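Here is a short note on the aromatic rings of this model. Please keep the structure open as you read.

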Amino acid sequence: AFCELHAELAIDDSTRLYGYQSAPGVLALMMKIFTFCWFAFQVKIAYEEEMDPRRRRFYKCLAVSFSTWALNVPITVVVAFLVSPWWRYKVVITVDILSRFLGQALLAQ
């Protein structure tokens, strides 16, 4: 177990290939964006058809929180490509954790 821990700590994170730099990663990113667009369109339709103010407020909160959560990955990918490889791992993890926290905080309202 100590050898595995030592090996994990000795790996240089700057040389790792970011998961979305490959063809399957780009395909997964495109599917996430498509899913976001479809869901946003469906929430917009439901919001426009709803007459009750409480339910309209719910759809508005749902749209904001889902948008925060769904756009987490595309924004993180853009940030990962803009940041130097030496800082990429820490920045991507930080942005990911912060956006997940924000999405959860919005859903908890």
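Which residue lies over the face of Y47?

1. R56 does, at 4.1 Å from the ring centre. The rule for a charge over a ring: NZ of Lys or CZ of Arg is within 6 Å of the ring centre and within 35 degrees of the ring normal.

2. A word on the basis. This is a predicted model, where local features need pLDDT of at least 70, side-chain atom pairs count only at pLDDT 80 or more, and totals for chains, interfaces and linings use all residues. Residues are numbered from 1 along each chain as its sequence is written, and side-chain values use heavy atoms, with hydrogens and water left out.

3. Now the ring pairs. Rings of Phe, Tyr and Trp (its six-membered ring) pair if their centres lie within 6.5 Å; planes under 30 degrees apart are stacked, over 60 edge-to-face, the rest tilted. The count comes to three aromatic pairs. One of them is F36 with F66, which is stacked: 6.4 Å centre to centre, 15° between the planes. F36 sits in helix α2 (residues 23-49) and F66 in helix α3 (residues 53-70), 30 residues apart. Helices here are DSSP runs (H or I, at least four residues), numbered from the N terminus.

4. F39 and F66 also pair, and this pair is tilted: 4.1 Å centre to centre, 50° between the planes. F39 is in helix α2 and F66 in helix α3, so the pair ties together parts 27 residues apart in sequence.

5. Buried or exposed? Buried means under 20% relative accessible area, exposed over 50%, partly exposed in between (1.4 Å probe, protein chains only). F36 and F66 are both buried. F39 counts as partly exposed because its relative accessibility is 24%.

6. To sum up, ring pairs link F36, F39 and F66 into a cluster.

Terms used:
Helix = DSSP H or I, 4+ residues; strand = E, 2+ residues; numbered from the N terminus.
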